[in-house]
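Here is a short briefing to read alongside the structure. It moves from a surface helix to a strand pair and then to the disulfides.

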Amino acid sequence: MAGGRCGRRPGPRPACGNGPRSPRPGEIPEALLTRPPPAGSRHRPAGEGRPPEPLPALTGGRRVPPPVSRGPGFPRPRGSCSAGAESILFPVKHLNISKDLALQRLLVEWDVDKSAHDAELAMSFEIQVRRTDETTTVWTEFHNVTLDKSGKPLHWVWDSDLPLECMSHSVRIRSRTEASKIWSQWSRWETVLALDTSNNSEPQIFPNEKIVEEGSDITLCCIGRKGQIIKEFFVVPAVHVFNHTNGQVRLITVKNVAHQEMPHISVYCQDSCNEEQCYDHAVFFVGKPPDTPNDFSCQTQDMRVVTCTWSQGGDTYLYGRHSTKYTLSEEFSKKRVPCTVSCSEQCSCSWDIGQQRIYNITVTAENPLGKKTATDVFDVTYRIYPAAPFQLWEEYTDAEITLYWKHQIKGIELFCQTELLLPNGKVELHNISDTYLHYGTITLGGLQPYTEYRTRVRCGSAKHFWRWSEWSEVQTIRTKEATPTGKLDIWREITPVLGGRNVTLFWKQPPSFRANGRSISYEVTWEKVEDGSKPERLSFSSVYNSTRISIDNHSYRISIMAKNSVNYSLPAVLIIPKATGTKELKEEEVNGTDDGIFISWDPRHMYDSYIIDWCNFPMLQPCDLQWKRFGPNASSALINSAAFVPGVRYNFHIYGSVANTASLLEKKTGYLRELPPLLDPVVDKVELTFNAVTLSWDSYPTNESQSGFVRGYHVYVSPVHEYCSLKGSKKHILPDDSVLCKYTIENPEEKRYTVKHLLSNTKYKLVVKAYTGGGETPIVDFIYIDTPFNSSMLYLLVLLVIVPALVAAICHWKLKWVKECCCPVIPSPSKSKVLSFKELKISSEKVLKISDCIPDMLAVDNKAEAQKLHPWTKPSSTPTEDKVDCHNSSWIYPNKNEERNFTPTPAPQTRTWFENFTYSSHLAAESDPYQILETVEASMPEPSAMLYQPHYYFDIFNEDAAASPREIAGRKTSLRYISQTDVHCLGRKL
């Protein structure tokens with residue numbers, strides 16, 4: 001940078017103070033160095049005032065801090081060559097400020113001395129801007145310029161971020177040359193007044209332009225009436241804002257405005273009064289600048305008119321007078337293109353070409369927030385975009401179409417392309433290599449007879465291809481009829497009847513068959529194979545696809561042909577073999593998938609094809625029989641149909657076919673997906689015992705009416721008021737957390753089950769559920785049973801408790817009688833009281849005296865002895881016997897002190913007798929003192945009886961006392977003592 005410093009220029013350093021030299025561009029001439037300073041400027045000698053300052057770098061309009069002032073005595077920079085060069089200043093003069101409210105700009109104009117222009121000096125200007133109510137500078141900028149000799153004033157523009165109506169703005173400028181380090185003095189502040197100094201009649205909101213760019217910051221202000229204070233100033237919707245105020249003027253800054261959050265901003269302002277004129281309201285719309293026009297290009301269709309097209313781009317959210325406006329201009333001619341823009345899906349603009357062939361077209365998109373441009377440079381002859389062909393017509397046969405069309409363009413060679421839409425939806429493109437000037441033609445071959453085709457044409461420039469024209473109108477053409485191609489696919493269903501068979505024939509058109517005609521009919525022919533009898537025929541219209549015929553048990557040949565207006569198709573043949581007995585095949589279960597039902601079979605080498613048939617609706621009649629053919633190497637297939645639904649059983653028959661004769665090989669049955677049973681088993685019989693229940697559901701079906709293969713049954717049991725824990729069961733928990741006992745029956749044909757280990761006299765709930773591969777239905781209803789009381793327990797209770805208690809009670813009530821009957825007391829002579837007397841003893845034995853004991857009864861079974869005892873008693877006429885029966889031989893004589901009933905009572909059949917040796921007067925020492933018990937039969941003759949007289953007994957025993965021991969021993973066997981407790985022949989106890 002040139003300046004008044006030595007050593008800044010290349011080459012040898014010149015000595016300071018040398019002779020005059022020619023000034024270089026941008027330097028101050030020496031003549032000016034000796035000129036006195038211009039009026040109004042202050043010239044300070046070196047070392048006085050501010051020291052020289054370095055020239056600031058070019059800022060390009062950036063804000064930079066003001067230069068640092070230097071006080072007196074600041075050292076001069078090194079390398080100064082001339083104090084005079086530093087003292088020449090050019091102060092700013094004629095400073096003028098104005099404002100452009102539409103663009104919110106300050107326009108600054110100033111000038112310097114004419115001598116600076118004449119010298120073409122490079123100068124720098126420091127410009128400062130401040131607002132009236134702010135003491136600090138809001139903007140500082142360095143403006144560098146090289147003056148010229150025209151002497152034109154200098155200009156500077158400043159864009160304000162605050163509406164200029166809100167506050168007064170002031171500007172000042174100072175200058176210096178690039179060769180100088182010293183700044184001139186500041187100019188005076190020049191002020192452009194705002195409305196805050198005016199006498200407003202009501203509050204006002206600024207800026208006036210109500211369009212805000214999305215994503216930007218906006219500062220709004222409200223100016224109150226003179227002398228009034230702004231009371232309220234706010235925006236709706238409420239957003240984050242920054243508020244500033246000086247009383248009469250209020251500012252709001254909204255940051256990063258977004259259209260999605262607030263498509264528009266409503267601003268309200270009120271000063272200190274409450275009258276209507278104290279309010280103001282404004283609405284600011286949020287939008288975007290326009291996008292650059294996309295896909296901008298220009299072309300011609302006829303070399304007379306050029307049309308330019310482009311895409312609008314994104315939505316700017318601005319409408320009406322603020323919407324995007326488009327203009328076109330031609331840069332070579334510097335003229336605006338005379339066309340009217342129209343926009344719908346695309347924008348376009350057309351004008352006449354004239355003689356010009358090369359263009360440079362610029363499209364400008366502009367709205368209040370900005371503008372964007374796009375340019376296209378082109379040669380018209382390379383931008384030919386032909387008009388669509390028109391007036392199409394055609395010629396056709398059963399396999400070809402010849403298409404013709406015309407062009408609108410004249411004198412330009414074109415080649416064309418034809419689009420052919422096939423019946424299957426595919427598209428074929430056919431290019432035409434020949435060029436045509438006025439019309440075009442193309443032949444499309446390899447077409448199907450009696451088939452509808454759609455075709456259209458477009459063309460492009462053959463010499464300089466730019467793009468295809470628009471498509472012509474679509475032509476719909478149907479080729480002519482021809483003989484049907486291929487054979488029908490036929491099948492049969494045979495039903496045996498009395499004396500023959502009913503054969504239902506079905507036919508359909510396979511993919512390989514083509515009717516090739518408008519109307520088609522079918523002809524069915526059948527004849528016997530063996531005797532070659534005359535065939536029978538039936539014809540059907542196109543709406544039929546089945547028929548039924550009746551045949552006998554012979555073999556038949558059946559053929560079906562399709563016919564159109566041209567000819568018959570090839571016959572489809574089916575052989576029905578002779579009726580023979582066939583063995584019943586077992587159906588095998590197959591599984592379904594999401595895509596269909598999988599069928600497999602054992603392949604046999606003798607068959608040339610396989611057929612699978614099934615009914616789409618097995619529960620209906622007719623069932624919509626379907627069939628499918630497979631090759632000889634196939635052994636499995638996935639059968640699918642739009643009619644297949646879950647829960648329906650489908651039956652499949654697999655046939656092997658050879659020489660048009662089909663034989664049944666296998667049967668399959670299955671579901672697309674099994675579902676739970678539709679109905680639960682109905683328990684039709686319940687058999688109860690006190691600890692078991694037997695359930696029967698014999699009427700439950702397991703056939704194809706079910707929605708799945710019935711795999712078995714579950715029996716659920718539980719007491720009504722408690723959880724179940726029966727032996728041999730599994731636990732099953734219901735959704736309500738109640739617990740059931742679960743029994744599983746895996747045989748679907750077993751429809752009877754016995755639940756054991758129940759409690760008697762208990763109420764149970766039961767349910768039987770069938771389950772399939774799809775599970776079972778939820779448990780809803782139960783049946784209830786009450787087990788009976790256990791009667792065997794009652795009997796046991798009676799036997800073990802009641803009977804013993806009753807017996808005990810009776811025994812206690814008749815204890816003495818029972819004791820006498822069951823356990824009679826047998827007195828022991830050794831324990832008798834009579835032995836307690838001490839008067840008589842024989843050796844060591846006690847002897848009872850007759851006088852000490854009077855017996856209750858005495859039986860004498862010896863007649864001789866009886867006569868000795870009672871000699872006065874008349875002998876009985878009955879012969880004497882050895883035994884005595886108490887029923888009719890003996891009488892009982894009671895004690896004289898007792899009153900007794902002497903009615904004779906028959907004695908029992910047996911009687912117990914005891915010897916009593918107390919009646920003996922003398923016992924031998926070696927003899928047994930007791931005699932063995934004897935039994936007297938009741939049938940023996942009765943002995944003589946006599947009445948007992950006590951005093952007589954005394955005499956007898958007294959008399960016997962003197963008898964010899966032999967007599968005593970002989971009498972031992974004659975006298976017997978009867979226990980008082982064993983006399984059963986008496987009417988009452990003794």
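Helices here are DSSP runs of H or I with at least four residues, numbered from the N terminus. By that definition, Ile802 is found in helix H4, residues 791–813. Please keep in mind that this is a predicted model.

**Nonpolar patch**
- Ile802 is partly exposed, with a relative accessible area of 46%.
- Together with Leu796, Leu799, Leu800, Val801, Val803 and Val807, Ile802 makes a nonpolar surface patch of about 620 Å².

**Strand hairpin**
- Strands S22 (residues 358–367) and S23 (residues 370–379) run antiparallel and are joined by 10 bridges.
- Two residues lie between S22 and S23 in this hairpin.
- Ala365 stands opposite Lys372 in S23.

**Disulfides**
- Cys298 and Cys308 form a disulfide with sulfur atoms 1.8 Å apart; the link is right-handed, with 105° about the S-S bond.
- This pair links strand S16 (residues 294–300), which holds Cys298, to strand S17 (residues 305–311), which holds Cys308. Both Cys298 and Cys308 are buried.
- Cys724 and Cys741 form a disulfide with their sulfur atoms 2.0 Å apart; the link is left-handed, with -105° about the S-S bond.
- Cys724 sits in the loop between strands S47 (712–719) and S48 (730–733), while Cys741 is in strand S49 (residues 739–745), 17 residues apart. Cys724 and Cys741 are both buried.
- Cys615 is joined to Cys623 by a disulfide, S to S 2.0 Å. Cys615 counts as buried because its relative accessible area is 16%, under the 20% cut-off; Cys623 is buried as well, at 10%.

Technical notes. Residues are numbered from 1 along each chain as its sequence is written. This is a predicted model: local features need pLDDT of at least 70, side-chain atom pairs count only at pLDDT 80 or more; totals for chains, interfaces and linings use all residues. Side-chain values use heavy atoms; hydrogens and water are left out. Two strands pair if DSSP finds at least two bridges between them. Patches are made of residues with over 30% relative accessible area and no salt bridge: like charges are joined within 9 Å, nonpolar side chains (Val, Leu, Ile, Met, Phe, Trp, Tyr) within 5 Å. Accessible areas come from the Shrake-Rupley method with a 1.4 Å probe; for residues, only the protein chains shown count as cover. A salt bridge is a side-chain nitrogen of Lys or Arg within 4 Å of a carboxyl oxygen of Asp or Glu. Buried means under 20% relative accessible area, exposed over 50%, partly exposed in between (1.4 Å probe, protein chains only). A disulfide is a pair of cysteine sulfur atoms within 2.5 Å.
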